[in-house]
Amino acid sequence: MAFSLWNLFEASILCLNAICILNEDRFLSKIGWGYKSSNTQGFGEGPSTKAQIFNLLHSIRTVARVPLILLNVLTIILKLILG
């Protein structure tokens with residue numbers, strides 16, 4: 001099987017699905033990446049790398065939820081039609 005844009009699209013959909021299903025209470029807070037633990041910074045200090053990564057994950061989960069559902073449906077329909 002050759003590497004194509006379709007395979008890259010499917011891989012990105014799978015990665016976005018994985019990010020969106022991470023449960024903050026069950027998984028992320030156990031490894032110290034909970035929302036409450038990421039907001040510990042002093043006045044005038046920039047957020048740490050860990051806090052920035054957590055904010056990125058939180059933003060992706062918030063913004064990409066509805067478009068990701070549509071992309072998943074489109075991908076499933078195209079897989080069924082094209083084989």
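Reader: Which residue takes a positive phi just after H4?

Author: Gly83 does, with a phi of about 90°, just after H4. This is a predicted model, where local features need pLDDT of at least 70 and side-chain atom pairs count only at pLDDT 80 or more, while totals for chains, interfaces and linings use all residues. Residues are numbered from 1 along each chain as its sequence is written, and side-chain values use heavy atoms, with hydrogens and water left out.

Reader: How many helices and strands does the protein chain have?

Author: There are four helices and zero strands, and the pattern along the sequence is α-α-α-α. Helices here are DSSP runs of H or I with at least four residues, strands are E runs of at least two, and both are numbered from the N terminus.

Reader: Why is Glu10 called buried?

Author: Buried means under 20% relative accessible area, exposed means over 50%, and partly exposed is in between (1.4 Å probe, protein chains only). Glu10 has 17%, so it counts as buried. You can find Glu10 in helix H1, residues 5-20.

Reader: What makes the meeting of the Glu10 and Lys79 side chains a polar contact?

Author: A polar contact is a pair of N or O atoms within 3.5 Å; within protein, one must be able to donate a hydrogen and the other to accept it, and residues adjacent in sequence count only if both atoms are side-chain atoms. The Glu10 and Lys79 side chains make theirs at 3.2 Å. Leaving aside residues up to four places away in sequence, Glu10 touches Thr75 and Lys79 (contact means heavy atoms within 4.5 Å).

Reader: What is the relation of H1 to H3?

Author: The axes of H1 and helix H3, residues 49-63, come within 9 Å and cross at roughly 105°. This angle makes H1 roughly perpendicular to H3. Leu16, Ile19 and Cys20 in H1 meet Leu57, Ile60 and Arg61 in H3.

Reader: Are His58 and Arg61 buried, partly exposed or exposed, and how do you know?

Author: His58 lies in helix H3 and has 32% relative accessibility, so it counts as partly exposed. Arg61 also has its place in helix H3, but its relative accessible area is 8%, so Arg61 is buried. Residues that Arg61 touches, not counting those up to four places away in sequence, include Ile19, Leu28 and Phe54.

Reader: What share of the protein chain is buried?

Author: Buried residues make up 17% of the 83 residues.

Technical notes: Axes are lines fitted to C-alpha atoms, for helices over the stretch in contact, and angles run from 0 to 180 degrees between N-to-C directions. Angles under 35 degrees count as roughly parallel, over 145 as roughly antiparallel, 65 to 115 as roughly perpendicular and the rest as oblique.
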